[in-house]
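This report goes through a few local features of one model. Please look at the sequence and the structure before reading on.

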Amino acid sequence: MTADLNEQLSRSFAFGPFVLVPERQLLLLGETPVRIGGRALDILTALVERPGEVVSKRELIARAWPSTIVDEGNLKVNMAALRRALGDGVGGAQYIATVTGRGYRFVGPVQASRLSGLPAPLSARSNNLPIATTTIFGRREAIDAIQRDLSASRLVSIVGAGGIGKTTVALAVAEHALGVFSDGVWLVDLAPLKDAALAPNAIAAAIGLNMPSADALTAVCEHLRDRKELLVFDSCEHIIDAIATCADRILTGAPSVKILATSREPLRIKGERIRRLPGLGAPPALPRLTAEEALTFPAVQLFVNRASDGFESFALSDTEAPAAGEICRRLDGLPLAIELAATRVDTFSVSGLLSQLDDRLRVLSGRRAGPERHRTLAATLDWSYNLLSPNEAVLLRSVAVFSGVFDLEAASVVSNLSAADVPDALAQLTAKSLIALELESRASAYRLLETTRAYGLNQLLLSGEDSLVRQRHAEHVCRVLERATAEWAQRPAHEWTTEYGRMLDDLRGALAWASRDSADRSLCIRLTVAGLLLWNRFSLTEECRVHVSRAIEALDAADLSGTTFEMHLKVWLGASMMFTHGLQTMAMDAMQRALKIAERVGDNGCRIRCLRTIGLYQHLIGEHLAGLTTFENFASLVSEEDSPTVPEIGFHLSISEYFLGRLRNALGRLIQLRDQAKDARRQTVQYQSDINVDIACALTIVQWLTGSPEAAITTSKENIESALRANHHMSLSNALNAACPVFYWSGCFDDCDRAVVMLEAEGKRHSILTRRPVAMFYRAALTCVREGVQQGIESLERAVAEFRMINHLARMPYYLGVLADAQAKCGQMATARTTIHKAFDLAHANSEGWCLPEVQRVYASILIATGEESEAEARLLDAMARAQETGALSWQLRAATDLARLWSSTDRSEQAFRLLSPIYSEFSEGLDTLGPLAAGELLATLASCAGETAKRS
């Protein structure tokens, strides 16, 4: 019996660099004991005793907890600790494999043997740190920084919100310090302590000091006086004053002791070095975020790791990656919230969990292990909330109504606390990590973490103050945005956007609340009018239209019909409907109604806005002469002193001149406007888009038409970049809309393709209906060029039909000309004739002089194809004459090239050369673009023919 016992006691298992001695509960790495819990060692023993075999979960639980009924989660926690201790998966090492649905298998080679002698007893304990059971993500820099802080300071406080991971980081720092402090590293868990007076007793118990003295703190200081120890004071916030006193006394009386504290607020004693812990990094909002990209962010790494613990087959896919990133982002990178969310993946799936996240305090629950305050997110926040003073609690639940940042004034308004009480309460809540200070803001600005905000809103409902606070919030938002409207024209665009752009989500929240009760109709209408410029600045055209439509429906009931509120709503309804619902009479009716009210009340600014929008509408439906008259009326109302509107006048008059074929006038006006647009402080988004971008849009087209294709290409590319930098989507849409024809006409087909893709995306993202047929048309035109006319002609026809359906008739003669050319090339000659007749008649009817030469040229090409060369020649000569008259040098070159080619086919090469050469010589740049390149090649051929003729003669 004794011999058998000796044999049992002396057995060991060697694998890799480790030796396991089960009966001594000892795992050695070389000669160094590895810190690991007893349950984990029992599990390891069960596995190495049967290497290569699957050991079921039930067997492992029975081995580690022989007399206790435990949840499978306990096994997973200890398995994670075991793998961490072994470095499983690090550097290619693997010891334990998961067999999904069955259990685990030890896969490393194991050598069982008997020890000749038992290892020496372990030395006395040098710490009481718990065994780490989980992998830490995204805290390497913080841990290193705190280690450096500890080398330079005797008191370091890790401060942050509940669930941010303060304890995890502190324990990691303490682990690294085990070899540094000769008398040990001791954790003092203060969370369970209810009586602050017992804080010294808790410290004494943690460091192993018996308490013969009634003065516990003096005894602790005496014990520590000559010792070199690190004390970790964890969770100080609920007894912060008592712990501050203890820390101060200990540091004064024990010069070799250092303290690492975790708290939701600093201890505020001399020599304290504070390290605030932020949330884990989460990916930005990217619709095409891949799993590989998402997993470079520690918040997602933590989410996936914890989801895998509870759902063994889970692996993040590219499809789920954007949702996982959004979950981590909406949880502000808060580790506890992410861990709790990850445990619900098996119930909801990643996308389902995201949709459930608004009810986060219910969803983020269910942890069975760990401190009570960490078992649900609500418990964590309850812990902090119950420590607040009455003023602090009122302020916290009141400011929860803010969707984004807020300032001192806003906090005062919604909480209704006195002006003297709010600054102190805000400072205390910020110190307690319940409110975050926005350091990048120009002035003091605050915000709540989303999880804290959700908790605060729940407390607001429970308090019965919800309706009253939301009323104050809505009125405050309205006043701020009315102030923003008054400052619109005076402040630089970027400054205005920075100051007021943060109000967008609060505007949405205020409108959602105000629209629920018919008693708040007037406030809802005021809010809508106040938000018009904000929606405009962020190109939220469809969102604007929806809210404006609702406000207009409420005008009669609120007794506000015929007022300036209706005036502002109608002009913006008309403008937004033009782009989102097509060029319908409802849009014109709304603008005419707004103009009538503006004239009655004498609001010149709104009259100008109405006329501008009406003139734009007229041009878009092809009524160019009417549009010119409207813009001339618009110009007559603007004084020279009204500097923000002066560029708008010049731009819109140049648009009229361009459409009507007065290209030289338009070019001169646009160049002057561009050169004057150097004042970056001007509010460039006066109406629906950036005026500088709009000027460049018109300029690029006129540059191409007047014979500067290279300059036009450069202007287009720079304009797109400028719109992207401005991050104004309507402006970007305009820039792309102008770039597509310039790239297409110049033969820059790859650039055109990219612009089309971007234009399609912008149109879909912001519901800009008028851009859809433009993108359709140029995509079809590119198909005709690259794949053949037969492949693209149906798409061209659909694009033209789409233009007609939304009444977008501007440039229709040109679009029909391209379609007629494609129909002729497909052999549909009768159809092509009908189409080009329509194009020609429409160009005359709508006075679209800018494209009439090109329509004539296409008409001539159809005549040539049917053998009617005499009439074709007459039309080409007419096209050249019209192009020369309007200043459209590029159209003139195209027509001259076709005519020269026709003449050269009838032995008139010398005459053809004399016709084409002087027109070609007017181009000083862009000779490698489509039109000049074709003309240059033809001239070379004609010159060669002339040379051959001369030789023969």
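Why is helix α42 largely enclosed by the rest of the structure? Of the 14 residues of α42, 11 are buried, so the rest of the structure largely encloses this helix. Buried means under 20% relative accessible area, exposed over 50% and partly exposed in between, with a 1.4 Å probe and protein chains only.

## Basis of the values

This is a predicted model, in which local features need pLDDT of at least 70 and side-chain atom pairs count only at pLDDT 80 or more, while totals for chains, interfaces and linings use all residues. Residues are numbered from 1 along each chain as its sequence is written, and side-chain values use heavy atoms, with hydrogens and water left out.

## Helix α42

Helices are DSSP runs of H or I with at least four residues, numbered from the N terminus. Among the buried residues of α42 are L852, P853, Y859 and L863. Their cover includes α40 (812-825), α41 (829-845), α43 (869-886) and α44 (889-904), where contact means heavy atoms within 4.5 Å.

Just after α42, G867 has a positive phi of about 80°.

## Residue D149

D149 lies in helix α5 (residues 140-152) and counts as buried because its relative accessibility is 4%. Leaving aside residues up to four places away in sequence, D149 touches V156, R273 and R275.

## Cysteines

A disulfide is a pair of cysteine sulfur atoms within 2.5 Å; by this rule the count is 0. The closest cysteine sulfur to that of C752 is in C740, 5.0 Å away, which is too far for a bond. C752 is buried at 0% relative accessibility, and C544 is buried at 4%.

How values were computed: Helix = DSSP H or I, 4+ residues; strand = E, 2+ residues; numbered from the N terminus.
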